Amino acid sequence: TLVDDKSSFDAVVSSASPGDTIKLKNGTWTNTTLGFYANGTENNPIVVTAQTAGEVILTGTSRLEIYGKYLEVHNLDFKNGALSSGHVVEFRKGSSELAENCRLSNCRILNYNPTSDDTEYKWISLFGKNNRVDHCTFSGKNHEGALLVVWLNGTANYHQIDHNYFSDIPRLDRNGAETIRIGTSTNSMTESRTIVEHNVFEKCDGELEIISNKSGFNIYRYNTFINNDGGLTLRHGNDCEVYGNFFFGASGKSCGGVRIIGERHRVYNNYFQDLEGTSTRAAISAMNGVLNSPLSRYFQVKDAEIVHNTIVSCKQAFAFGVGKNDELSLPPLNCVVANNVVDKMTGNDPIDYIDDPIDLSY
């Protein structure tokens, strides 16, 4: 069914059945909130798509809400609009009406920015469980608020974020500009079990944390990081895996790799090259922790495995015990650093031990 305005879209969606496809007519849709509330099935999802890919532009204050089961959105472009708060795309209708097994695919959000960079809203908010964001392009975000957030409600959500391109996020010079954040400090001891794989992050300079992990049992694999002024940070939570990723730096930028905080994380089989960052932006760093740390501070690094990584032409390969002061007094404990290849280092301190000795096996 082809629809040409919001009222016809709402009418068709309200009567949609599994297997239906709803096409938005080519053109510019201004200040349009699309409420995609329906239920498909695993074998017959309900699909919303563009009449022609690249020819449907949502702008102004346009946004999208996805609520139900087995819903898919394809080929929509959000371009040159802005919100005052909230979310450009959110996988829910209300606080307790969350999406399950829904998908946003082959869509673009480009330069969807307010006049002031201290206006905070998210571009993508994943609620519910078993949802997927894939093959999308997100470029040019310059304001407060993480670009893509996974929100937790006490149970694992099993989301998948894959094959997306994130680019051209200028430095904000303050917290709140992560490209991806999974969880919050408040629920950081909760399992998320989200998979982030096969994405490209290029010139995502918003802040130190390109990806901010704030939950447990997440997997980050097969992603490529190019010329980013920051790194992948396991900020809160435990039991995450980081493997098979590529990190490429650029001259004149403090490009980083992986920063570790918390327990039982595994960082292995990654490749780091030409990174000029040190300390928290070293190729691989492990922070000091806080005694009896509250959820919002720094838990001690324990039982980390840092193995089989390749580090080439970086300024600092490893930094252990980063941030040591009277509060951050607990060095990494019971960690294994083994079988890593380090070559052609450019800095004076390719391996930096803030505390000596640190309890590492290597």
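Predicted model: local features only at pLDDT ≥ 70, side-chain atom pairs only at ≥ 80, totals over all residues.
Let's start with the big picture. The model has an open sheet built from 12 strands, with parallel pairing. Reading across, the order is E3-E6-E9-E14-E17-E20-E23-E26-E29-E32-E36-E40. Strand E3 (27-30) sits at one edge and strand E40 (341-343) is the other edge strand, each pairing on one side only. Going from one strand to the next, the twist averages 10 degrees.

Now zoom in on E3. Its link to strand E6 (residues 56-59) is made of 4 bridges, and the two run parallel.

## The nonpolar cores

The largest nonpolar core takes in 78 residues. Within that core, the residues with the most contacts are Phe-36, Val-89, Phe-91, Leu-104, Ile-124 and Leu-148. There's also a second, separate core of 8 residues, and among them are Ile-261, Ala-282, Met-287 and Val-322. As a general point, nonpolar side chains in soluble globular proteins tend to be buried together.

## A look at Ile-66

You'll find Ile-66 in strand E7 (residues 63-69). Is Ile-66 buried or exposed? Ile-66 counts as buried because its relative accessibility is 0%, and the cut-off for buried is under 20%.

Leaving out residues up to four places away in sequence, Ile-66 touches Phe-36, Leu-71, Val-73, Val-89, Glu-90, Phe-91, Arg-92, Ala-99 and Cys-102. As for Thr-190, 124 residues separate it from Ile-66 in sequence, and the C-alpha to C-alpha distance between them is 24 Å.

Conventions. Residues numbered from 1 in each chain as written. Heavy atoms only, no water. Buried < 20%, exposed > 50% of the residue type's maximum accessible area, 1.4 Å probe, protein only. Contact = heavy atoms within 4.5 Å. Core = buried A, V, L, I, M, F, W, Y, C linked by side-chain atoms within 4.5 Å. Pairing = 2+ DSSP bridges. Axes fitted to C-alpha atoms, helices over the stretch in contact; angles between N-to-C directions.
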